[in-house]
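Have the structure open as you read.

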Amino acid sequence: MKIILVTFGGLLLWVLSLQVQAQPWQFAAPLQVTGGQSGVFHHLESSGRRNIAVSGSTVAVAWEDNRDGTPRIYLARKAQTANAFSKAIQISGSGEAFEPSLLALDQQRFVLAWEEDAKIQMRVVTSTELGPVVVLDGNEGMQASLTTQAKQVLLVYARHAERFNQIWLQALDLDGLRLLPGAQCAVDGEPLKDEQLYPTAISLGDTLLVAWEDRRPGHTIIMAAKSQAAQICRFSSPQRISEGHTPSQTTYGKGHGVARVAFARYGAKHALAVWADKRDYREGYDIYAADYQPDNKSLFGVNQKVQDSFGGVAQQWHASVAGDLTGRVAVSWDDNRDGNANVMLSWREQDEWSDDIVVPGAGGPGQQTHPSMTLDEAGNLHLAWLERATLNGTTTLRYVFGRAAKTPE
Amino acid sequence: MRIVLLFMLALVAVPSVLAEAPEGYPFLPFDQAMAQASAEHKPLFVYFGRYGCAYCDKTNREAFSDSAVRAAYTEHYVLAYVDAESGKRLRLPTGERITERELGTRYDAFVTPVFTFMNTDGEALLRLVGVQRVVDLTEADRKVQQIVSKPGKP
């Protein structure tokens, strides 16, 4: 009996070690970005979940918290080799501010966009200076998401029109620390039938892709459009990304729910959209994805369920996606399959999604939620998330580094 | 002409009304409802719905349309409606600002509808998941009234 147990234990360890070896990233011990102050609540929220970015050797994390009683935007940075983040610096002004989107430029520079007093505001941050704040003219705006294309900063956001919010693109040029607003346009030029919300965008060099939540069919769907760099405001007709429901579900209501699309580029010409999708209406949201099809009339392909089958009875929230130019692409989210919320990770292996793993350091007692992640030029994974011991308790913002194990073949 | 216009307006208006909070009930945003419940020492009834939600629509049409249900729920509870996919912001009693979607996440509104009876501290007294019939809502009201009628309960 003892021999059987020892043999079984050995086999188990061998299988587990194979699983660990097969992971594309070797994770370091997690670090605290900020937090742990009673009555202070951190939020790692932005449209497209872009709260972490890497410029050269600098990692930056942007978030909102109420440390002085008012929700404001903060940024902390560290050198990749450092074991601690800098003290948080305040980015937003005197108003209530929410949902910062963070974009890496070159030379340790970053751009942030956020909502403050119902307007979109932006500024550049270098290693030593804060650029002037740009307040976008026009109607009220919210849900900012940043990308870059051809040395321009591109912002997409939900802009309040007469009855509904509409997705707008704003291009900005960089002049040192200053952001100079340029072309702007509605991504979908047709008259609005209902709300357009929570946009995000990604550039593939010559092509810009924009995706957002759209309520035009009477429920929420994910839609996307694209434009070319030469005519950035000339968008294709929007197409639905998230697939529809079965007829048996349409006796009442209009259709199933989806929420919070995120985008990442991977390889030279590829992009992946991910979102939370409740098409299986009895088990809550699942994480779904679709690939951009550059040579197809349909902008995006068949929807794929990212999580593995063990996540089927659990609820998935807060999908984040990251990719690199070698073709790596990974998705993280939080998930309560183990009885409490942990940050999960899945990556694509030869056209299939890997088994899900709990991100090392981002699991265990309490709640580990709201991941935001990115891959740097070497394919290393940088992931930030929120921890809280109890449902409405004080929060801590944490970070983990995953060193790329090998270049995908 | 006027009748035609009214008819067309009704066609446009009906789908979104049916997919949201039931008509004829004084539903409030969650934070306002919490404040009112504290002031009036009443429990809350929180409806976690979603835009276009089929089973919210069914429950609205087949259960919340009942006049006895309407009378009981309007009298016994402060009513809150939460769109579990919405980005509208709320202020919790702790001072924390979160969106309606995040509130739905915390109260595990993984499907819609979810109906949560809460005390004024935000603790769940009873929870109903999915489609409800008149008899379900009536029975839930009876149970919650029993709970809150005990000494020391809200």
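B:Cys53 and B:Cys56 are both buried. In this predicted model, a disulfide joins the two, with an S to S distance of 2.2 Å. The angle about the S-S bond is 85°, and the link of B:Cys53 and B:Cys56 is right-handed.

How many disulfides does the structure hold over all chains? There are two, and the other partner pair to look at is A:Cys185 with A:Cys233, whose sulfur atoms are 2.1 Å apart. Here the torsion about the S-S bond is about -90°, so this disulfide is left-handed. Which parts of chain A does the pair tie together? A:Cys185 belongs to strand S15 (residues 178–186), while A:Cys233 sits in the loop between strand S18 (221–228) and strand S19 (239–240), so the link connects parts that are 48 residues apart in sequence.

Is A:Cys185 buried or exposed? Its relative accessibility is 9%, which is under the 20% limit, so A:Cys185 counts as buried. A:Cys233 has 31% relative accessibility and therefore counts as partly exposed.

Here are the two links side by side:

| Disulfide | S to S distance | Angle about the S-S bond | Hand |
|---|---|---|---|
| A:Cys185 and A:Cys233 | 2.1 Å | about -90° | left-handed |
| B:Cys53 and B:Cys56 | 2.2 Å | 85° | right-handed |

Now to the meeting of the chains. The size of an interface is often given as the accessible area lost when the parts come together. For chain A and chain B, the area buried between them is about 3,100 Å², with 47% of it on carbon and sulfur atoms. On the chain A side 39 residues take part, in contact with 35 residues of chain B.

What polar links does the rule find across this interface? It gives 18 residue pairs in polar contact, counting pairs with both residues at pLDDT 80 or more. As for salt bridges, the count between chain A and chain B is six. One of the salt bridges runs from B:Arg89 to A:Glu115, and their closest N and O atoms are 3.2 Å apart.

Which strands of chain A supply at least two residues each to the side that touches chain B? They are strand S8 (97–104), strand S20 (258–266) and strand S24 (316–323). S20(A) gives the most, with three residues. Sorted by class, the side of chain A that touches chain B has twelve nonpolar, 15 polar and twelve charged residues.

Methods. Residues numbered from 1 in each chain as written. Chains lettered and ligands numbered in written order. Predicted model: local features only at pLDDT ≥ 70, side-chain atom pairs only at ≥ 80, totals over all residues. Heavy atoms only, no water. Contact = heavy atoms within 4.5 Å. Buried area = accessible area lost by both parts, 1.4 Å probe. Salt bridge = Lys/Arg side-chain N within 4 Å of Asp/Glu carboxyl O. Polar contact = N/O pair within 3.5 Å; in protein donor to acceptor, adjacent residues only side chain to side chain. Helix = DSSP H or I, 4+ residues; strand = E, 2+ residues; numbered from the N terminus. Nonpolar A, V, L, I, M, F, W, Y, C, P; charged D, E, K, R; others polar. Disulfide = S-S within 2.5 Å. Buried < 20%, exposed > 50% of the residue type's maximum accessible area, 1.4 Å probe, protein only.
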